[in-house]
Amino acid sequence: MAETAKPLTMDTIVSLCRRRGFVFPSSEIYGGIGSTYDYGHYGVLTKNNIRSLWFGAMVQERDDIVALDSAIILNPRVWEASGHVAGFTDPLVDCRTCKLRFRADQLELASCGRKPSKHPGETPDCDLTEPRQFNLMFETHVGALQDESSLAYLRPETAQGIFVNFKNVAQLARRKPPFGIAQVGKSFRNEITPGNFLFRLREFEQMEMEFFVPPGEADEWHAYWIEARRQWYLDLGLREVNLRVREHDANERSHYSLATSDLEYLYPIGWQELEGVANRGEYDLTQHTRESGTKLEWIDPDGTRYTPYVIEPAVSIDRIMLAFLCDAYDEEVVGDRKRVVLRLHPRVAPVKAAILPLIPRDEGMATRARALYEELRPDHQVEHDESGQIGRRYRRQDEIGTPWAFTVDEQTLEDETVTVRDRDSLAQERLPLSGVREWLDDALVQEWRSPRSP
Ligand code: ATP
């Protein structure tokens with residue numbers, strides 16, 4: 001097998017996602033809408049896996065974190081108190097020549113509208129305005145009247161829904177700091193620089209966890225969460241060479257942050273933030289205490305009062321999915337054919353196994369394949385595929401990252417065994433039909449490392 005070592009481009013991932021039904025441009029029949037995508041069947045399955053793996057690691061497998069699902073539209077005073085109305089802005093520049101708009105701090109990621117395309121500001125014709133601040137929150141109106149009094153926002157982060165519920169949860173969750181509140185849900189940002197596929201969306205699904213700690217323990221917990229989150233990606237097979245931790249300089253931190261480290265992934269567009277882990281200090285609870293008049297503080301049984309500091313790992317499912325897809329995408333030549341394969345961690349892969357009758361019109365094979373499919377599907381996302389040549393069916397499964405295929409063939413009719421084909425090594429072995437279920441259960445809990453690891 002020969003590896004084809006071309007550098008991966010975003011277009012390659014976009015086209016695989018389109019071809020195999022992971023992701024479509026949203027409202028495509030009307031020409032789409034910038035930086036908004038719809039997830040198809042395999043995209044939804046992959047997202048569900050990422051969400052539940054995150055939730056498992058953050059909530060189910062821990063004693064110190066509880067879940068929350070707050071509303072998307074909150075009282076607009078929340079966003080005044082949090083500083084988003086005044087400060088959730090990006091610097092924007094316009095080009096008077098090509099009439100395009102760019103994020104002033106990310107010109108190196110943008111393309112100028114002139115040909116040959118360069119970065120904005122690089123051609124002699126570029127005529128950029130001075131930067132001005134642009135608020136990223138989407139506005140809407142609540143109720144029948146559309147005036148100042150009904151103005152509201154679609155949340156740009158899920159975190160504020162957690163902070164404003166601090167008292168409710170702290171009273172009821174029977175937890176004391178350090179403890180966390182985790183939330184998954186849609187967030188919305190009117191991003192200036194669209195493009196780069198799932199990396200920068202105007203509507204994305206965030207997974208945030210606010211970990212409330214005694215102030216003296218904040219640095220320690222910040223370091224803990226940076227490493228815990230890094231390890232989560234490595235355990236899910238992300239290659240270590242493509243993941244790094246980068247600490248923010250003081251001038252790039254958000255208005256609320258005392259310290260932030262990004263987990264960066266080497267996307268086809270270069271090293272970019274995959275997940276941020278911030279020490280938000282006491283900023284949010286203090287702000288909401290001041291603005292709402294409700295004391296958001298912790299009172300120890302001995303009467304000591306303090307405002308906890310907050311450590312926040314924040315990420316979107318969309319950016320994780322893009323990182324996993326880029327990391328997994330591989331092309332190789334097998335025999336004289338090119339094979340495209342997604343080497344996804346089996347727990348991330350949308351489909352865990354394919355059940356393939358070699359000759360679908362053979363009654364014995366068809367019946368056994370169908371019975372195996374029915375046996376596996378209550379516990380696992382599996383696919384029964386009887387259309388086309390077996391080689392084509394394998395290639396289809398390789399492209400969606402299905403780790404194993406069970407093929408029912410002539411020998412099955414003689415000895416009730418099936419072939420299991422491994423997506424990565426292409427090795428084939430035989431298993432008794434009656435043992436497939438246990439084999440798959442077991443395979444899915446094994447450690448997995450990418451065969452592409454250096
Ligand atoms: P960037 O600097 O890339 O705009 P940010 O620092 O504003 O990101 P945060 O506010 O820290 O991002 O958001 C936390 C996480 O939410 C990010 O690490 C990323 O995973 C995700 N995220 C933020 N904005 C977007 C977006 N527009 N599309 C997809 N995911 C996003």
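Guide: Strand E5, residues 89-94, and strand E7, residues 132-135, run antiparallel and are joined by four bridges, and within this pairing Thr89 has Asn135 of E7 as its bridge partner. This is a predicted model, and the pairings described here are to be read with that in mind. E5 also pairs with strand E6, residues 101-103, again in the antiparallel sense, here over three bridges, with Phe102 in E6 as the bridge partner of Val93.

Five strands make up an open sheet in the order E21-E20-E22-E23-E24, and their pairing is mixed. Strand E21 (382-384) and strand E24 (428-432) each have a single partner strand because they stand at the edges, so one side of each is left without a neighbour in the sheet. From one strand to the next, the twist averages 25°. Inside this sheet, strand E22 (residues 404-408) pairs with strand E23 (residues 417-422) in the antiparallel sense, over four bridges, and Thr407 stands opposite Thr419 in E23. Helix H10, residues 363-376, packs on the sheet, where it touches strand E20 (353-357), E21 and E22, and the direction of H10 makes about 160° with that of E20.

As for the domains, the assignment for the protein chain gives domain 1 as 2-74 + 156-325 and domain 2 as 351-443. The C-alpha centres of domain 1 and domain 2 lie 37 Å apart, and the contact takes four residues from domain 1 and four residues from domain 2. On the side of domain 1 that touches domain 2, three residues are nonpolar, none is polar and one is charged.

The ligand, finally, is surrounded by 14 residues, of which the closest are Leu201, Phe204, Gly276, Ala314 and Ser316. Two or more residues of this shell are given by each of strand E11 (203-213), strand E14 (270-281), strand E17 (309-316) and helix H9 (317-328). By class, the shell around the ligand has seven charged residues, four nonpolar and three polar.

Key: Residues numbered from 1 in each chain as written. Predicted model: local features only at pLDDT ≥ 70, side-chain atom pairs only at ≥ 80, totals over all residues. Domains from an automatic or database assignment. Contact = placed C-beta atoms within 7 Å. Nonpolar A, V, L, I, M, F, W, Y, C, P; charged D, E, K, R; others polar. Near = placed C-beta within 6 Å. Pairing = 2+ DSSP bridges. Axes fitted to C-alpha atoms, helices over the stretch in contact; angles between N-to-C directions.
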